[in-house]
Amino acid sequence: MRPIVTLAVLAISFGDTLVLSQSTDGLVQRKPSVLLITLDTTRADRMGFLGSTRGLTPALDALARTSTIFTRAYAQAPITTVSHATILSGTYPLFHRVTNFGSPLPATVPYLPDLLRRQGYHTAAFVGSLVLDPKIGTASGFDRGFDVYDAGFRMRSPGEDRYRTIERRGDEVASRAIAWLTSAGREPYFLWAHLFDPHDPYDPPPDLEQRFRSAPYDGEIASVDRIVDRLVKAAGPGTIVAVAADHGEALGGHGEATHGVFLYDETLHVPLVIRLPGVGSGFSRTARRVTTRVRLADLAPTLLDAAGLPRPSAMQGESLIPLVRLKPDPTGTTATGTTAAGTGAVRLEPDTAGTTDDRPAYAETEYPRQAFGWSMLASWRSDRFLLVRAPRPELYDVIADPGATRNLAATRPRIVAGLTAELEQFLAWSTGADGSRRSGGSGRSGGSGRSGGPNRSDGPDRSGRAGGSGGVAGARIDPAVAERLASLGYVGGSGSTPAAGGVDPKDRIAVANTLHDAMIAVEDARFARAIPLLEQVIAREPGIPIAQLNLGIARARQKQYARAVPPLTRAVALKTDDMRAHYELASALYETGDVTSAARHFAVVASTMPAWADARYSLGSVYARIDRIPDAIAELRAALDLEPRHFRANLLLGRILTLRGEAPLAVPYLRTAVNVQPDSSEAKQFLAEALKDGK
Ligand SMILES: [Zn+2]
């Protein structure tokens, strides 16, 4: 008898991977542990198991040999927090509403760690970047349901090592994760490890630097591959393992340097492998390779399904288990002569009853709107097409044109109209606005939102979202958070940024790239490099507040205070609620001697952001300069209530009190100042004088 292959989409592997069909077969004795590894900024085309010949991923390839490979997995957003919110919640951005940096994850959204913990799992997260640090505001709410959420990043001062402040190398993330994993009594566990390394700037570890001198991004991929190996080995053979990227990296594709603005495959096609260990006997076999398009929104429901746990109805993704599990063909052909090579006389087919082969994939990016005031973008991958909703819509036939190079929108209007209608239905469904939100995996329509709902022509309207509390409309991003984001080259927008004036991001991508470079340069204190780039951006587009702000900051750090004032004034005018702009403008004005104007802007900041210690200190110091001493003392005390070890506030308050003849009151502040900065001769001198006067 000839070997039979039932479905062209499946390459079947025998013997090595067995899926536990727990939910239907009732074969579970214990809950399996789950290891989720997310690779930041990792392109699908660098994976050996997806066809790369660069030889970067031997460990991932080995894992893939005992796993199911999803060759067409798509992220729902090219931004770290948005994509991770989708991965961990199994819901779409319109529902979970983490649509930008700083948007909190609402407590009402279903959340994988929370669900697993309620099922008795030990849960831990180990992340590699301050972008995913819930405590400093950029991933607020992400620690829900985790026993341990290991982040603890902080701002980087000039000259400090980025890997000790804003980022952690994957090796260290893995070491911390493995230490937790190997301590006693963890089973069953859910461990999420986030490896940030491939994110720019590309900087492979020292031992890979030489080999990848001309391709440092590839060096980062080779580095995370070794880390994945460590984690998978530590997790042991009985653990469910999922590895996915949160998004890819454009590397110049479609003119984009990094990621965040566009929605093409460079940044949305992601590696995804899931290992489902067999336990015991009598289990169905698993597909080796699934070529059906799948979404990262499907991952959380899949992991629950694989662990034999119920999926909450609010989860919008669909379990992938039906695509993975192979069952004997109903004609009753029995297995004979199976081989590891994937040919055999057994007739198997995927257990896909009730699902469709075509699962449309939605993605969106708010980043161009929130950062630059351009249009947001949304995309819809369905059938053989990619539709990009933009001021000038785009349509690509990705079978004939996988690189998405020929926009067919003008010549295929009926296809554009049909896909747009599907997208509209999906949008209505995924917000929950049409009241027909289906439970993950239980539907029959492939998650495409074909359940109806009003057609809309006004684009993704956020007003109908059903994500519960934690709304972000009009939310003001904390200036400190904005600064942290800037340190990574991102623009921390706020929901109150004016809506796009119809600028199509594809017409301005060069501006976004240059601004990104410039912001990284400002972060690295390379102001001489940053200034001409920012001047270039502003010459092209004077209306981007963050460009004006960064030019002002760069000039001020170069002590060109008078030249810093005009761009900072424009930054404030463009975005009057940007407190960091007011703060930087006030600081520059102070240095130019315009103390009265400085006081006015510091007062705006201190009253708007009363919990910002630096702002209270700065206002106090300006008041001291213009002889408003009681006001100065009040502001300095406020700063110290917020940050008791604030060096300059302690120093100045101690000095003022000494000069007012209240030396005994001054001593404790000056002692703290000396304690915080033992090398400060000024602090030591002021303390000595206060001690002398106080006698
Ligand atoms: Zn990311």
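Before I start, one convention: two strands are taken to pair if DSSP finds at least two bridges between them. With that in mind, and remembering that what we are looking at is a predicted model, consider strand S4, residues 73-74, which is joined to S9 by 2 bridges, the two strands running antiparallel. Within that pairing, Tyr74 stands opposite His269 in S9. The sheet they belong to is an open one of 3 strands, in the order S9-S4-S12, and its pairing is mixed. Strand S9, at 269-270, and strand S12, at 294-295, stand at the edges with a single partner strand each, so one side of each has no neighbour in the sheet.

Thr80 and Asp246 are both buried.

Finally, the helices. H6, residues 170-182, packs against H8, residues 216-235, at an angle of about 5°, with the axes 9 Å apart, which means that H6 is roughly parallel to H8. Among the H6 residues in this contact are Ala174, Ile178 and Leu181, and H8 contributes residues including Ile227, Arg230 and Leu231. Sorted by class, the contact of H6 with H8 comprises 8 nonpolar, 2 polar and 2 charged residues.

Key: Residues are numbered from 1 along each chain as its sequence is written. This is a predicted model: local features need pLDDT of at least 70, side-chain atom pairs count only at pLDDT 80 or more; totals for chains, interfaces and linings use all residues. Side-chain values use heavy atoms; hydrogens and water are left out. Axes are lines fitted to C-alpha atoms, for helices over the stretch in contact, and angles run from 0 to 180 degrees between N-to-C directions. Helices (H or I, at least four residues) and strands (E, at least two) are DSSP runs, numbered from the N terminus. Angles under 35 degrees count as roughly parallel, over 145 as roughly antiparallel, 65 to 115 as roughly perpendicular and the rest as oblique. Contact means heavy atoms within 4.5 Å. Ala, Val, Leu, Ile, Met, Phe, Trp, Tyr, Cys and Pro count as nonpolar, Asp, Glu, Lys and Arg as charged, and the others, Gly among them, as polar. Buried means under 20% relative accessible area, exposed over 50%, partly exposed in between (1.4 Å probe, protein chains only).
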